Structure formats: C-alpha cells, structure tokens
Amino acid sequence: MTKSENESGFVSHLAELRKRLIHSFIFLLIFFIGCYFFSEHLYGFLVEPFAKAVNESGTDRRLIFTALQETFLTYLKVSFFAAFFVTCPFILVQIWKFIAPGLYKHEKIAIIPYLVLTPILFFLGGMLVYYLIMPLAIKFFLSFESTGASTGLPIQLEAKVSEYLSLVMKLIFAFGISFQLPVVLSLLARVGIVNAKFLKEKRKYVVVMIFAAAALLTPPDPITQIGLAIPLLILYELSIFSVNIIEKKNKK
C-alpha cells in the first residue's frame with residue numbers, strides 16, 4: 001500500500017468518525033431540547049426519595065434556591081443528564097458501527113455482549129442509588145436535626161435545589177461507573193492482562209481499594225460508602241467467575 005493510499009484511508013476514517021460524532025451530538029441535542037420541556041417532572045422524579053423521607057418525619061419541608069438563575073441552571077443540568085442517559089445506547093451503537101468494519105467475525109461476537117452489558121450495569125447502579133441508597137442516606141442525615149432543646153436554636157435542613165441535584169447525579173454516576181467493574185476485568189482477561197488466579201491472589205488488596213474508592217466517590221457517610229463497597233465486592237467475585245469462563249473458552 002502506497003503512502004497516498006495510507007493517507008486517503010486515514011482521512012476516510014477521520015471523516016467516518018466525524019460523521020458518527022455529529023450524529024451522536026444531534027441525537028443528544030434533540031433529546032436535550034425535548035427533556036427540557038419535562039425538566040420540572042424529571043427533577044420531581046429525582047427529588048422523590050427526599051420527599052418520601054421528609055414526609056415520613058411529619059414535618060413540612062421545601063427545597064430552596066439562593067440565586068436567581070439557580071433553578072433554571074438546575075433544570076438545564078437535569079435535561080442534559082436525562083438526555084445523555086437516554087442517548088447512551090445510541091452513542092454506543094455509533095461507536096460500534098465505527099469500529100465493527102475493522103474487526104474479525106469472532107472479535108465482533110466477543111464485543112457485542114459488552115456493548116449490551118455496559119448500559120445495563122450503569123442502569124442497575126442508578127436504580128440501586130435511587131431506590132435503596134438515597135432513602136437510607138437521607139434518613140441518616142435527617143437524624144442529625146435538632147429541636148433546639150440542647151443547642152438553644154433548632155437545627156433543621158433546608159436543602160438547596162442545585163446541591164440536591166449535584167448529590168444525586170454524583171451518586172448515580174459513581175455507582176453507574178463503578179458497576180462497570182466486571183466489563184473492565186473481563187476485557188482485561190480477554191487481552192491477557194489479568195487472569196482468575198491473579199484476581200484471587202489480589203483479593204485482599206482489592207477489598208481495601210474498593211472501600212477507599214467508595215470513600216472518595218461518595219459523601220462522607222457510612223450508608224453510601226458501604227452501599228457502594230458491598231455491591232462492588234459482589235461484582236468483583238462475579239468478575240472472577242466470568243474470567244474463569246473466558247479462560248476455559250480460550251483454552252478450547
């Protein structure tokens with residue numbers, strides 16, 4: 001192959017990549033605009049765990065904003081967050097269409113399960129946060145409120161609109177990304193970087209690393225930290241099992 005043919009092939013690959021990126025951006029932009037019209041409902045869905053937790057306490061609560069633009073910017077963030085969540089499978093399909101022509105048939109078969117598992121695991125991590133971790137964490141934080149009998153003044157939470165959204169988004173992304181552990185370890189096993197024996201031998205170090213990562217990725221409370229660490233430990237054991245299967249298939 002001549003130098004000019006190499007250059008034309010490289011340019012065509014760049015053009016294909018640009019086309020896929022533009023399609024992904026347009027798709028994301030369309031959903032972002034659509035989600036903005038429902039941003040108040042989307043934010044209401046995200047705030048529901050907080051609403052349920054405070055209603056159980058029997059006191060009237062509210063979310064406040066302290067800057068004129070705060071609620072507007074919060075709705076923009078909610079819209080983008082929802083649009084990205086919805087378009088993630090489409091973006092993965094665009095990535096697949098870009099790399100698929102350069103793969104052999106057996107390589108395509110090996111990668112497809114990971115493209116399917118990645119959004120599913122992210123979704124499961126988000127569900128764990130929304131339905132279990134957040135309600136428990138909110139109740140934990142509300143337990144530090146005081147009527148003022150010992151302090152002289154009551155201590156009561158008045159959460160900000162933007163701060164609550166930041167907390168929810170941080171937890172969902174932290175759990176969603178952390179739940180990709182089996183995908184990462186399985187891919188590393190396929191290329192021969194790790195094996196089941198190595199993962200078993202390093203288990204005690206991984207336990208420490210998982211709890212350290214949970215402490216960094218979550219708020220400084222035991223509920224969310226343990227809530228992230230325990231599923232990751234389970235996923236690590238499942239990763240060892242999947243790596244074992246991969247090694248057996250490779251031997252065959």
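Author: Let us begin with Thr 218, which lies in the loop between helix H8 (203–217) and helix H9 (222–251); helices are DSSP runs of H or I with at least four residues, numbered from the N terminus. The model is predicted, so local features need pLDDT of at least 70 and side-chain atom pairs pLDDT 80 or more, while totals for chains, interfaces and linings use all residues. Residues are numbered from 1 along each chain as its sequence is written, and side-chain values use heavy atoms, leaving out hydrogens and water.

Reader: Is Thr 218 buried or exposed?

Author: Buried means under 20% relative accessible area, exposed over 50%, and partly exposed in between, with a 1.4 Å probe and protein chains only. Thr 218 counts as buried because its relative accessibility is 3%.

Reader: Which residues is Thr 218 in contact with, leaving aside neighbours within four places in sequence?

Author: Contact means heavy atoms within 4.5 Å. On that basis Thr 218 touches Lys 170, Leu 171, Phe 175, Thr 224, Gln 225 and Leu 228. Its side chain also reaches the backbone oxygen of Ala 214 at 2.5 Å.

Reader: How many disulfides does the count come to?

Author: A disulfide is a covalent bond between the sulfur atoms of two cysteines. The rule requires a pair of cysteine sulfur atoms within 2.5 Å, and the count comes to 0. The sulfur of Cys 35 is too far for a bond, because the closest cysteine sulfur, in Cys 88, is 14 Å away. Cys 35 counts as buried at 11% relative accessibility, whereas Cys 88 counts as partly exposed at 24%.

Notes. Helices (H or I, at least four residues) and strands (E, at least two) are DSSP runs, numbered from the N terminus. A polar contact is a pair of N or O atoms within 3.5 Å; within protein, one must be able to donate a hydrogen and the other to accept it, and residues adjacent in sequence count only if both atoms are side-chain atoms.
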